[in-house]
Structure formats: C-alpha cells, structure tokens
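I opened this notebook to record, entry by entry, what I looked up in the structure shown below.

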Amino acid sequence: MKTSNKQGSRKSARHLQTGAFAGCAIFLASSAAFAQDQAEPTEEVVVTGIRKSIQDSIGVKKNESSIVEVVSAEDIGKLPDSSIAESIARLPGIAAQRTNGRAQTLSIRGLGPDFTVTTFNGREQASANDNRTVEFDQYPSELVTQVKIYKTPDAGMAYQGIAGTTDISTVHPLAYADRKFAVSYKREVNGQDANIPGLDDAGDRVNLTYIDQFADNTFGIALGFAYNKTPYQAQTKEPWGYAPACDGCVELVIGGDKSGVQSSFYERKAFMGVMEYTPTDNVHMVLDAYHSDFNELQTIQRVEFGTIWSGASLTNPGPIVNNRVQSGVFPNVPFVVIENYNNDRDAQVDSIGLNSKFSVGDDWTIENDLSWSKVEREDLRLESTAGLGTNNDPDLLPPVETVSFTTTPDGRSIMSPTLNYSDYGTVFLTDPGGWGGGERRAGFVGAPRIEDEIQAIRLSANRKFSDEFLISDVSFGVNYADRTKSKRQFQSNLWLNGDISHAVVPEEYRTGIADSSFFGSPYGIIGYNALAMYRDDFWAPINSINDPNANPNDRTNNVQNTWDVTEKLTTAFVKVGINTELGGLPLRGNIGVQAITADQSTDLRLVSGVIPDNTPVLPIVTVTDGDKYTDVLPSLNLALEMPHDMKLRFGAAVTVARPRLDELGGGASYTVTNDDSLPPNYEGQFYYWQRSGGGNPKLRPWKANTFDLSLEKYFAEQAYVSVAAYYKDLKTYIFNASTIEDFTGVPLPPFNPADPDVTYDDADANRIGVSTLKTNGSGGHVQGFEITASIPFSLFSQALDGFGFIISGAKNSSEITINDEEVDVPGLSKEILNSTLYYEKYGFSARVSNRYRGSFLGEIPLFDATLAYNNVHAESLVDAQIGYSFQSGAMEGLSISLAGTNLTDEPFVLNSLDQPEYNLNKYQKYGATYALTLSYVFQ
C-alpha cells in the first residue's frame, strides 16, 4: 500500500513538473498578446486575502535588484500558514525538512540549513539548537508580515549564505493609514487520537495585534501577542538494522527493533513590539523588540528488543524479497525493554533592535543599527527503562520472549511479542538487558544547556546621484557582530535509590496503559510520569564526569558535549548602484564588495580515553585556540528591463557559509600510545598521540563562486512566469580528515594502580599527533534550474476570475570529491516541486497545495539533540484550506477558515547511508492536522 502511495506521489510529481514546464512555455510564447491586453485601461480593483498576498509578493520580487522570493501576509497577523516554515516552503526552489511532523528547517536551491542564514528584521539571530540554524518554531507566523528569500546577495547585506538568506520582517505601523486591531482564535485537532493516555490530541492558538498612529502620523506603535499549545502525535518504527539470517547466509533479516508511540506538545508565548518615529522628513527611527517563551514536552513509549543481534535464532523463515526474509519467528528473544522517553525543553528567545536613518540634504543618508539577540535553552531528557526482569539480578531474570514478524511491501517489519507488559505489578523499573552500569541502573538522563548571544552594530552611509548619472548611488559602511555560544552537558545513569535491582512504579505516578496494537501486542504497556518521578528524587543521578561507576564512554561524552565558541565578525562594504541603459533598455542593479574579518576562538576540552577504574575526577584539560582571517566577497546584480514587461536578471558573487558552531567547538577524547606498544603510522611517520572528533577552532567557511541567471515575464499584478539557472563553484568545503596537531600541554593518561608498569615516556617526548576532525577541502560544484508560474485564470477569461495557480519546479545536482570519491553535498535536494491551486472571490476562498521533495541526505535530530546523517525518502505533502470573509454588514471584518495539513498522512522515512531504501531504519507517521480559525479585524 505504501509502495503504491510513494510511486503515485512520484508519478504525480512528474506530471506536475511536465505541466509546469509546458505552462511556462505557453505563457512566454504568448507574452505579446498579454501585454497588449494589459495596455487597455482597467478599473482599479482592491484585492484582499490570498490574491493580495500574491500581488504584494510579486510586487516586491519585480522591484528588487537581486533574485528573491517573497511570501506576504494576507492581512494583519495572517500569513498563509500557522508556521513560517510551511509558508516559505511553498516558494520556488524552497523545501522544508520535517521534525516531529512540522516544517522546522529549510533548504534553498537544494542546499540544507548549514548553507543559509536567517535574519529577523535584517539582523542575524541567536539560535536555540546546537548550531547556527534558526528554528522557525520560535517565530509565530501571526507576528510576521513578510518573509523574503534572497537567492543572490549584494554587498550591503551583512549576513548571507551560499544557498541564500531568509529575512523575517515584522510590521511597520506608519505603513498603515489608520488604527488596526486584529484578533484570531484557532482550534487544532490531530487525525491520530492521543497515543498515550492522559495527553491531548487538540490544541489552541490565540493572536492579538494592535497598530496605531499618533502625532499626525509621525509616531506609530505595533503590539502583538501570540499564544499556542499545539499537540502532535507520532507512531514510529526504528529497526536496529539487518543481519545475516543465519551463519553463512547472504539473505538478511531484521536484527532488532524498537517501535514507539508519541503524544507531545509545544507551547509558545510570543510578544512583539514596534515603535516607529518620523518627527521630520529627515529622521526615521524604528525600535523593535521580540520575546518568545517556548516549551516542548515530548512523551514517547517504546518496546525494544534484539532478535539476531541479541542471540535469538530465526525459525519458520518466509519468502525472500529484496534479499530480506519477509516473515518468521524468533522463539528465544532473551529480554524486552519497555521504554518511557521524555524530553522537556524550555527555550527563551529575546531580540531587540534600533534602526535610525538621518537624511543630510537631498543626497546623503546616514544609518546606524544596534541589535542584541539571546537564546537560553534547557533540556531535561529522560530515558527510563522497565521490563519483566533484569539480567543484572539472577533472582529476577527476564522470561524468554517469542516474537513473530511479517514485512510490508515498503520494507517495514511488523513485530509481534507474546508476553504481557501492561501489569504494574510485574513490569519493573530496571535494566532488562544489563546494558551497563550495574544492577541499580534503570535508565539515563541528559540535561544540556545552550546559551547563545549576539551583539551587533552597523554604521553606513548612502550618497544618491542624479538620474542622468551612470551610478544611482553609493553605499558604504561597516557591521560588527560579537557572538558567544556555549553548551553545558549534564548526563547520568538513572540510579535506583538503595541497593536494589528493580522497583515498581509508585501508584501516584501511574498514567495508564498505552495501546500497543501498533507494536503488534494486544495487551498494552504501562505508562508513568517519569518527569515527575525525577523531580521528586525517585532516582539518584550523578554527573557522569564525577561518577566512577558510570560507563567510561558516558564520562568522556559529557566532556565532548561541553564547549564554548566566540566569534567576532567585522564586515566592511562598498556597494555602487547602477542606473543606465543597455541597447536602449533600462539596466538597474549594483556592484560591490565585502571584506569580512573573522576572529574566532574555542575553549577545547580534552580528556584521556583511558580512564582507570574508580577514577573520581576526570583529568580534563582546556585548550584555547582559534584563528583570524579575512574573506573578500565581491558581488554583482543586474536587472535588464525588456519589452512586454520582461526582466532578465544576472547575479555573480563570491559567498561563504560559516562553519557550524558545534564543529568549531566540541570536546574530544584522546589516546596515547604507551612505551610497550607500537604507535600508529600516518603517512610514513609514527605518532604517539591521537584524537578523533571534537572541534576544530581553525575551521574556515565553505566558499563558492556563484552565478545566477533569471528570465521573468510579468503579465499583471498577480501573474508572472520565470525560468532561472544557477551554478555554484565550490572553492572550499568542510569534511572529516586527518591532520597533524600539537598536543603540548595535554596531560598523559592517569596512573593506573592496576597496571603500574605502563609508562608514556616516549609520548611525553614526542607531542605531535594526528587528529581526525572537520577540515577544509576544495573542489566541487552545485548547479540547478528552476521554473515558476503564478497565473490567475482571469488572464484567459473573466468568467474564471478568482481562480489561479502557482507552480514551481527545481532540479539540482552537486558533486564534491572527498578522498578521491565523488559525493553529493549534504542536504542537497535534487528535485523540488511546489504547487497551489486557489480560488478567491466575494469573500470566499479555497486552496489546495502540494509540496514534493525528492530524496536527499539529511541531518536528522536524534533524541539527545545531536545530528546524524540519514537518507531521507521522497515525500509529497498535501495541504488545503477553505474560508469566508464577511465584507459588509454587521459582521464585516470577520473571517472563518478550515484548514488541513498533511492530509494524506505522508510518512517520514529514513534509511542508513550504507543501506538501500527498502532497508529503512525509521518510519514515522504523524497524522493529518485540522484547524478551524476565527479572526476579526476591527474596522
């Protein structure tokens, strides 16, 4: 069934692509006829809603010198979607990556979030994750008036990436002629019932926006508040992997499995304030502030067990498909783990900026911009385990389980255990598999803390010239940004209090029995409030750094996930505006150059990988290192205005994508060869010191020479088609490689009383070693083309007025050479197709949209918030909305709409890099989401 769905989505994607290309060709061919129609006098028509959003977006795109894509609010506090990322993901060449069922990060022209920059009112923002990527969940769409994607940069943009720059804009109150007050309420319901007892499957969103002007429209304010509590559900299968079905077999069988259900929510309270002041024609000041208080609580219940990889044997094997056994029985699975996972995340986002412009005479403008942005994030992540027994206690060994399985056509192995895990009296909090730490272990806790702060100042000036002059204006200035980001990691085993191997769940924490039919079990599994138990000291955690009983890997991992990075960027720029003619045709644009001086440093924490038993304090050394360098980035943007309202655009630039902060930072463990062992040989030399992973404080950016060409034809205020192509010549990139490093000052492994004869005299005398970490390489490219059409059907016949469609397709490819092997750039989407069919007239509106993204190599957040590369399968997401706005009478200003997202319940599917698509390692379904919205704009 799922195979046919996937094939169907791909087939429909191909059909839509064909339609998009054919449609653009038809419209380009008939441009002269449409231009003639436009020349006739027409009555001015005021549009609202969907068509106003399209019209505003096209107007901005048409007038820009750079190649941009724009999404504008349909009305005050009303972007087309409840998520900014969902709205942006409809734009040409843009795709979203889902996390927990919602769009959270974006790909521009096939390149992932590491290659983009997101700004808020033109300023780079601190981010809530471990890297630079802005999580769009932090910014409610109700407080956003416009989002602009710059696909080509200009020298005046202080922040830019290789793929592009996304700028989120809030309202300017003096852009409105009078007072506005808008309020909206939305009720959201998930198509999946709550998977875990006691948790919700429905939530609410409330939005208030107030805009007013005073003192003869010289002073304006805008205030906004947005609240939401949005539940989401998920059903997940995560195979351990695939192993030979028997000794000597080439056929594979599932080696283990964990299947889970999830009921979670995120809650956000966001406040926005803008003050705009223009006391004279020569002064314009805007002060804007934003605060978001974000909480996300994930509750996941899972069943996990090994099959072949836990020592079980396969009986009654079924047929072989795609080299995998499709069914069978494992009669001797040694244990089953019942897991209760929770992640309680709190994040606070604060941002404030003051922009001031002063006109000096008719030609000069002086501008300064001050900004500050800060994020504080704390996670409490619990992995509590339970079972019918534990291998750590000979008096309570787990009973042997019998597990049968079948396989669906899309590669999912459906596992069916036979024992009952729904009895609080027989399912104990314990470590069923004896996975390490001793008999008191009953799970794991991690509590990372992120702080990110950016302070910036920008000073610039602009000199205008007369229309007759070849140069329209000259801008120059400097932008200074000081960023500090740190991560502090706490992690521990969940130790049971007392000298015990297991415990029952106290009655006051029991939440009920979760339906386990998704796991293939008819009984259900126990549920409990592990977060409340943790906060009430049911377990006795100890920071693994200071816990001699913790697993050595846990102890060193705690060090590796603690880091500090400081980055100071000074950007000086000159930009010259172009205003001339070419062959009698107007030519506009700009040419300029940036010089970015980066001063970066990292506190790199190193710990010996050799930890003697009962070592109470780890021997950690902190090395401060960094680099200072300057990148010179020229840029050119040209827009040639051609007959029949056509534009030919060309862009060329040198661009950079700054290295990830967690690759500049990040601690590491190291190993030292003792005097009785042979040191490893690297390129003909022997080295006693080694480290693998951790930060590289000297890492420099990705860098590319980029070229863009776009041909656009505008038919009306709501209609255009375009064809664009681009090529990015990668001069540097970042990959894992071995490099020589000086280990002077790093301590030798601690003395081990259990092995007193081990010495490190040779290593002490030879401090140069080999480190395998992120390094700069060179050579590669990214290229692609896009085709877009935004067409109201009234261009064909007035009888079709109100109908229209927007469709865009992109085809991308890439190649970089790493260790003599050609690979794709991480995150590259080779195929993207977005389409929307809409109708809006007489207050009634309706639309249906489809977002297709081909398979790609994606960085997927793991439960511990780290990222891992996986192949993400192609997906096709269908959304729809229908609504009515009262345009007269007592109810004028009231709008009602009903929307549905992910209507086909498209799964999110991953497989490991070394496995075919059929051998998936994650399959997740989130259910459709339905929302009823009431909004009112006071007239």
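**Charges over rings.** I looked for charges placed over aromatic rings (NZ of Lys or CZ of Arg within 6 Å of the ring centre and within 35 degrees of the ring normal), and I noted that Lys-229 lies over the face of Phe-265, at 4.6 Å from the ring centre. I also noted the charged end of Arg-412, which sits over the ring of Tyr-923 at 4.3 Å from its centre.

**Ground rules.** I am reading a predicted model, in which local features need pLDDT of at least 70 and side-chain atom pairs count only at pLDDT 80 or more, while totals for chains, interfaces and linings use all residues. Residues are numbered from 1 along each chain as its sequence is written, and side-chain values use heavy atoms, with hydrogens and water left out.

**Aromatic pairs.** I searched the whole structure for pairs of Phe, Tyr and Trp rings (for Trp the six-membered ring; centres within 6.5 Å; planes under 30 degrees apart are stacked, over 60 edge-to-face, the rest tilted), and the search gave 28 aromatic pairs. Phe-335 and Trp-435 form an edge-to-face pair, 5.9 Å centre to centre with 75° between the planes. Phe-335 lies in the loop between strands S15 and S16 and Trp-435 in the loop between strands S20 and S21, so this pair ties together parts that are 100 residues apart in sequence; helices (H or I, at least four residues) and strands (E, at least two) are DSSP runs numbered from the N terminus. For accessibility I used relative area, with buried under 20%, exposed over 50% and partly exposed in between (1.4 Å probe, protein chains only). Phe-335 is buried at 9%, whereas Trp-435 is partly exposed at 40%.

I then turned to Phe-803 and Tyr-839, a tilted pair at 4.5 Å centre to centre and 50° between the planes. Phe-803 belongs to strand S39 and Tyr-839 to strand S41, 36 residues apart. Phe-803 is partly exposed at 35%, and Tyr-839 is buried at 18%.

**Helix H3.** I checked the helix at residues 49-63, whose 15 residues reach 22 Å from first C-alpha to last, close to the 21 Å expected at 1.5 Å a residue; the expected span is 1.5 Å times one less than the number of residues. Among the buried residues of H3 I listed Ile-50, Ile-54, Ile-58 and Lys-61.

**Salt bridges.** I counted salt bridges (a side-chain nitrogen of Lys or Arg within 4 Å of a carboxyl oxygen of Asp or Glu) and found 57 in the whole structure. Asp-801 forms one with Arg-51, the closest N and O atoms being 3.3 Å apart. Asp-801 lies in the loop between strands S38 and S39 and Arg-51 in H3, so the bridge ties together parts that are 750 residues apart in sequence. Asp-801 is buried at 18%, and Arg-51 is buried at 14%.

Lys-62 is partly exposed at 26%, and Asp-645 is partly exposed at 30%.
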